[in-house]
Amino acid sequence: MNILLRSAKIIDKNSKYHNKKMDILIKNGMISEIGKTLKGPKNCREITLKNLHVSIGWFDSSVSLGEPGYEERENIVHGLEVAAKSGFTKVAVNPNTNPFIDNKSSVEFLIQKAKDSAVDLHPIANLTQGAMGKEMAELYDMKNSGAIAFGDYNKSIENANLLKIALLYVQNFDGIVLSFPQDGGIGKHGFVNESENTTRLGLNSIPNLSEELQITRDLSLLEYTGGKLHIPTITTHKGVQLVKEAKKKGLDVTCSVAAHHLYLTDEEISSFDTNYKVNPPLRAVKDTKALIKGIKEGVVDMIVSDHNPIDIENKNVEFENGYFGTIGMESLFGSIGSKMNLEDAIDCITENPRKRFNLPVGIIEEDHKAELTLFDPEHDYIFEEKNILSKSKNSAFLGKQLKGKAYGIIANKQLILS
């Protein structure tokens with residue numbers, strides 16, 4: 001398929017066309033020509049969209065898709081369609097499935113299911129067998145089968161010696177360990193932030209201290225062992241400071257933040273809407289501000305949706321009984337549009353996660369592969385149920401004012417528009 005993008009503003013700081021409005025001609029999956037008022041060949045599809053911007057393809061490094069085991073929430077084929085229409089050309093898929101992704105055949109299953117998609121699926125495999133936190137899974141074999149990192153989704157590694165051994169072991173094949181930042185002994189039965197508001201509501205809490213203790217321990221182990229550590233979905237102001245100090249020491253650590261932790265605070269909990277029940281919990285305003293500052297300073301490396309579809313039977317219940325999780329791919333870009341400048345946002349969903357997980361960064365220049373996201377960063381709208389593309393509808397952003405939307409992607413020789 002030949003495609004001609006008309007008058008597209010290119011957002012790619014590595015390209016000589018950065019911040020320039022150009023036509024982009026794509027032939028057979030490659031960028032053939034970039035220039036002003038290009039003439040397309042025969043059988044060329046021209047794309048003209050309002051305020052069209054183009055970047056290298058977005059990468060969401062924390063996505064749950066249900067399959068295998070929870071297909072009623074979401075499945076791989078449909079979930080990747082949602083990703084494409086939400087602007088993502090790559091997703092890293094979490095291992096919160098049934099059975100778990102703790103052996104090479106389960107990793108290969110995920111990759112095989114995604115083989116014809118425009119979106120590249122990269123499995124995050126379990127660090128431990130059955131996500132039980134006791135015995136390491138087949139890390140080397142899973143790495144060879146396509147796993148890009150290892151961690152038990154939303155489960156802390158309570159056994160310090162196990163994390164120590166894992167950090168040492170993965171150095172043999174340049175692996176990356178994920179450690180969820182929550183101490184299992186503090187706030188174990190909690191489900192909201194510890195604050196005056198949540199105490200007044202009588203809800204069991206997960207205090208900031210839980211995150212800070214876990215990060216402190218994990219960074220101490222990393223300093224002892226070396227290796228690569230990624231801390232997913234940090235939420236606290238002190239958590240940001242701890243990572244900042246570790247980076248100054250030269251430790252090989254990165255971290256991510258979920259979009260809902262940048263946009264929402266624990267004040268939302270007063271509604272007892274289970275769509276706001278997420279793990280880690282929504283924090284206070286000062287934490288949200290610290291996370292945004294951490295992005296601007298380069299301490300926080302990536303923004304993720306932490307997309308986690310939950311069926312209505314497990315959300316339409318009392319708050320205490322509701323499952324953790326919100327969907328987020330459809331709302332990620334719009335939710336961060338008013339929180340930071342465009343280039344910082346793009347870096348956190350393109351170059352930074354690609355570099356960390358050893359994936360090609362790409363560039364928008366002639367004779368390079370066309371893996372692109374098409375978007376309008378200025379589009380203002382209220383996020384409504386009609387904007388939800390996922391099978392599950394558990395969005396924490398319903399009724400929220402968002403800024404910025406994805407038009408779709410060009411990737412793997414396919415054009416997908418929302």
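What is the volume of the largest cavity? The exercises below treat this and related matters for a predicted model, in which local features need pLDDT of at least 70, side-chain atom pairs count only at pLDDT 80 or more, and totals for chains, interfaces and linings use all residues. Residues are numbered from 1 along each chain as its sequence is written, and side-chain values use heavy atoms, with hydrogens and water left out.

**Exercise 1.** State the volume of the largest cavity and describe its lining.

Solution. A cavity is a set of points on a 1 Å grid over the protein atoms alone where a 1.4 Å probe fits but cannot get out; lining residues have an atom within 4 Å of a point. Grid points are joined across faces, edges and corners, and a volume is the space filled by probe spheres set on the points. The structure holds four cavities of 30 Å³ or more. The volume of the largest is about 160 Å³. Its lining comprises 18 residues, of which Asn-94, Tyr-153, Asn-154, Leu-178 and Pro-232 are the closest to the centre. By class, seven are nonpolar, nine polar and two charged (Ala, Val, Leu, Ile, Met, Phe, Trp, Tyr, Cys and Pro count as nonpolar, Asp, Glu, Lys and Arg as charged, and the others, Gly among them, as polar).

**Exercise 2.** Characterise the aromatic pair of Trp-58 and Phe-375.

Solution. Rings of Phe, Tyr and Trp (its six-membered ring) pair if their centres lie within 6.5 Å; planes under 30 degrees apart count as stacked, over 60 as edge-to-face and the rest as tilted. The whole structure contains 11 aromatic pairs. For Trp-58 and Phe-375, the centres are 5.4 Å apart and the planes stand at 50°, so the pair is tilted. Trp-58 belongs to strand E6 (residues 58-63) and Phe-375 to strand E16 (residues 372-382), 317 residues apart; strands are DSSP runs of at least two residues, numbered from the N terminus. Both residues are buried, that is, under 20% relative accessible area, where exposed is over 50% and partly exposed in between (1.4 Å probe, protein chains only). One aromatic cluster unites Trp-58, Phe-88, Phe-333 and Phe-375.

**Exercise 3.** Is His-122 buried or exposed, and which residues does His-122 touch?

Solution. His-122 lies in strand E8 (residues 120-125). With a relative accessible area of 13%, His-122 is buried. Not counting residues up to four places away in sequence, His-122 touches Lys-90, Val-91, Ala-92, Val-93, Ile-148 and Leu-359, where contact means heavy atoms within 4.5 Å.

Key: Helix = DSSP H or I, 4+ residues; strand = E, 2+ residues; numbered from the N terminus. 1 Å grid on protein atoms, 1.4 Å probe; cavity = no way out; pocket = protein on both sides within 12 Å on 5 of 7 lines; lining within 4 Å.
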